[in-house]
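Reader: I would like to know what the labels mean. Please set each value against its rule.

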Amino acid sequence: MAEEQTRETPDAAQQALIDHLSRRFLIATAATERMVAAAHRAAREVGLDPLLVLAVISIESRFNPIAESVMGAKGLMQIIPKYHLDKLREAGGEDAVLDPESNIQIGTRILQEYVYRTGTLEAGLQFYNGAWRDGSAHYAHKVMAERDRLEQVIRERGLRVTLARGF
């Protein structure tokens, strides 16, 4: 699990995100660094944009690893355990939902599956949020606007944004 992960030194773009997110959401820098690294790792594994994963976390939990919704969604990416027991078991059990790195790993896999199943990023995001009937795609637009803000943070430092394959 989290302890087994090797520490990666953040690149300049990741460091810009760490600094920004740490200040914006009032999170310790070391914790933010672990979450940003986990998001990049998980996104790379499934072929998603890491900024998209970080944007989902921003919208879903505001980077609160113990966030819980009235619908029973838990953790950074607001996973509903009863719908994803198989993935949680693979990660060590239901408690994995509250482990930040496991939550990011599982949530990213879920998001990638929904994007693949629905055929578009917008529909996948809507499905992830349980808002697939919302014709205005409010949730998807909100996530994409947050993703664009994160990209701007990187660009303001004069850095290039490197995206995962497919984006």
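Author: Start with helices. Helices are DSSP runs of H or I with at least four residues, strands are runs of E with at least two, and both are numbered from the N terminus. G130 follows α6 and has a positive phi, near 75°. One caution: this is a predicted model, where local features need pLDDT of at least 70 and side-chain atom pairs count only at pLDDT 80 or more, while totals for chains, interfaces and linings use all residues. Residues are numbered from 1 along each chain as its sequence is written, and side-chain values use heavy atoms, with hydrogens and water left out.

Reader: How many helices and strands does that rule give in the protein chain?

Author: It gives 7 helices and 0 strands. Read from the N terminus, the order is α-α-α-α-α-α-α.

Reader: What makes the radius of gyration of the protein chain agree with a compact globule?

Author: The radius is taken over C-alpha atoms, and the globule rule is 2.2 Å times the number of residues to the power 0.38. For 167 residues a compact globule would come near 15 Å, and the chain has 15 Å, so the two agree. Along its principal axes, the C-alpha trace spans about 40 × 40 × 30 Å.

Reader: Which residues does E146 contact, apart from its neighbours within four places in sequence?

Author: Contact means heavy atoms within 4.5 Å. By that rule, E146 touches R24, A55, S58 and I59. In the chain as a whole, take the contacts with a separation of 6 or more: 54% of them join residues 24 or more positions apart.

Reader: Why is K82 called exposed?

Author: K82 has 59% relative accessibility, so it passes the limit for exposed. Its place is the loop between α3 (50-61) and α4 (85-90). D95 is at 70%, so it also counts as exposed. D95 lies in the loop between α4 and α5.

Reader: What makes F25 and F63 an aromatic pair, and which kind are they?

Author: Rings of Phe, Tyr and Trp (its six-membered ring) pair if their centres lie within 6.5 Å; planes under 30 degrees apart count as stacked, over 60 as edge-to-face and the rest as tilted. A search of the whole structure finds 4 aromatic pairs. F25 and F63 form one of them, with centres 5.2 Å apart and planes at 35°, so the pair is tilted. F25 belongs to helix α1 (residues 12-25) and F63 to the loop between α3 and α4, so the pair ties together parts 38 residues apart in sequence. F25 has 10% relative accessible area, so it is buried. F63 is buried too, at 3%.

Reader: How do you know which kind of pair F127 and W132 form?

Author: Their centres are 5.2 Å apart and their planes stand at 40°, so this pair is tilted. F127 is partly exposed, because its relative accessible area is 25%.

Reader: Why is the phi of F63 worth a remark?

Author: Most residues other than glycine have a negative phi. F63 is not a glycine, yet its phi is positive, near 65°. A137 is another non-glycine residue with a positive phi, about 55°. Its place is the loop between α6 (121-129) and α7. At 3% relative accessible area, A137 is buried.

Reader: Which residues of α6 are buried, and what do they pack against?

Author: They are G124, L125, Q126 and Y128. These buried residues pack against α3, α5 (100-118) and α7.

Reader: What makes a side chain positive or negative, and how many of each are there?

Author: Lys and Arg count as positive, Asp and Glu as negative, and His and the chain ends are not counted. A charge is placed at NZ of Lys, CZ of Arg, CG of Asp or CD of Glu. The protein chain has 21 positive and 23 negative side chains, and the centres of the two sets are 3 Å apart.

Methods. Buried means under 20% relative accessible area, exposed over 50%, partly exposed in between (1.4 Å probe, protein chains only).
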